[in-house]
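Work through the exercises below with the sequence and the model side by side. Each task is followed by a worked solution.

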Amino acid sequence: MCVPTILSASGSAVILLAVSPLLPALGQEASPYSVLNFSSQPAAAPDWIVTLGAGAQYGPSYEGASKTNFSVLPSDLDIRRAGEPEGFSAPDDAFTYSVFDSNGFSFGPAADFRAGRSRSDDRSLAGLHSLPFTIDAGVFGEYWFIEDRLRAHIEIRQALHGQQGMVADLSADWVQPYQAFTFSLGPRLSLANGTYMRDSFSVSNGEAAQNGLVTPYRATSGIKSVGALASAAYRFNPAWKATLYYKYDRLVGNAADSPIVSRIGSSNQSTVGLDLSYSFGVKF
């Protein structure tokens, strides 16, 4: 995911549906990408390549849940200069934008969605506080130890709404292209500060009394989860790409010990998803 622009799930779908019919066929363009031409002049090679994507995933209803559901969210937003090669982005990367990129190292702002939690997700949550859906923002850093093959990636993000605290997500990926496919595999580690852990996993005396299934608990900062992600992307042509992925996280430490997880939910968190992205050229 690139560029910290936040779209709703329905909004991204509307954009894709609205833009696609306006674009000329690939085979009729000098450029491999379709061009949005806002003038009466003949179409020319694009200055920029814009990528929009949306995806569906099946996974936990909320962090620490044992119940699962389907969700649809924007999955990709990237803007790059025409002729610039497409960079690798893992399915669980936030929306990022590089302000510095040199010798395999890059960094810049990052933004992402943070799912909430409510009684509608699981009746067993009755009496426990809800968590609103929010957006978080922060920074990312990335380094390619082996160019286009092995990368390390870190994101530090703070919630912009509510009191849901800060997370730091660390990952590494081995990237292997093969013809029209690109495969990736790598470990994941997530840490959270005290505010995040208390909001997500703590239980007050009053909540425990109202719920009846859980006991009072106070979570503290530390390692939240460990896991891994595997993905397989297939590029149908220069415009269309599909990515299938599977991510497994295991909650550990204070998160796993929370009665919200140990008595109501599960420390094992598995998610499978499918993203579809469309790239088109823009001429200014």
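A residue is called buried under 20% relative accessible area, exposed over 50%, and partly exposed in between (1.4 Å probe, protein chains only). The model is predicted, so local features need pLDDT of at least 70 and side-chain atom pairs count only at pLDDT 80 or more, while totals for chains, interfaces and linings use all residues. Residues are numbered from 1 along each chain as its sequence is written, and side-chain values use heavy atoms, with hydrogens and water left out.

**Exercise 1**

Classify Tyr234 by accessibility and describe its ring pair with Phe236.

Solution. Step 1: Tyr234 has 31% relative accessibility, so this residue counts as partly exposed. Step 2: rings of Phe, Tyr and Trp (its six-membered ring) pair if their centres lie within 6.5 Å; planes under 30 degrees apart are stacked, over 60 edge-to-face, and the rest tilted. Step 3: the structure holds 13 aromatic pairs. Among them, Phe100 and Phe105 are tilted, at 6.2 Å centre to centre and 55° between the planes. Tyr234 and Phe236 are edge-to-face, at 5.0 Å and 80°. Step 4: Tyr234 and Phe236 belong to one aromatic cluster with Phe181 and Phe183.

**Exercise 2**

Find the nonpolar surface patch and state which strand supplies its largest share.

Solution. Step 1: patches are made of residues with over 30% relative accessible area and no salt bridge; like charges are joined within 9 Å, nonpolar side chains (Val, Leu, Ile, Met, Phe, Trp, Tyr) within 5 Å. A salt bridge is a side-chain nitrogen of Lys or Arg within 4 Å of a carboxyl oxygen of Asp or Glu. Step 2: the patch consists of Tyr97, Val99, Phe100, Phe105, Phe107, Tyr143, Phe145, Ile146 and Trp174, with about 890 Å² of accessible area together. Step 3: strands are DSSP runs (E, at least two residues) and helices likewise (H or I, at least four), numbered from the N terminus. The largest share, three residues, comes from β7. Both β6 (105–114) and β7 (134–146) supply at least two. Step 4: Phe100 lies in β5 (residues 100–102) and is partly exposed at 38%; Phe105 is partly exposed at 33%.

**Exercise 3**

Terms used: Areas by Shrake-Rupley, 256 points an atom, 1.4 Å probe, with all protein chains shown as cover.
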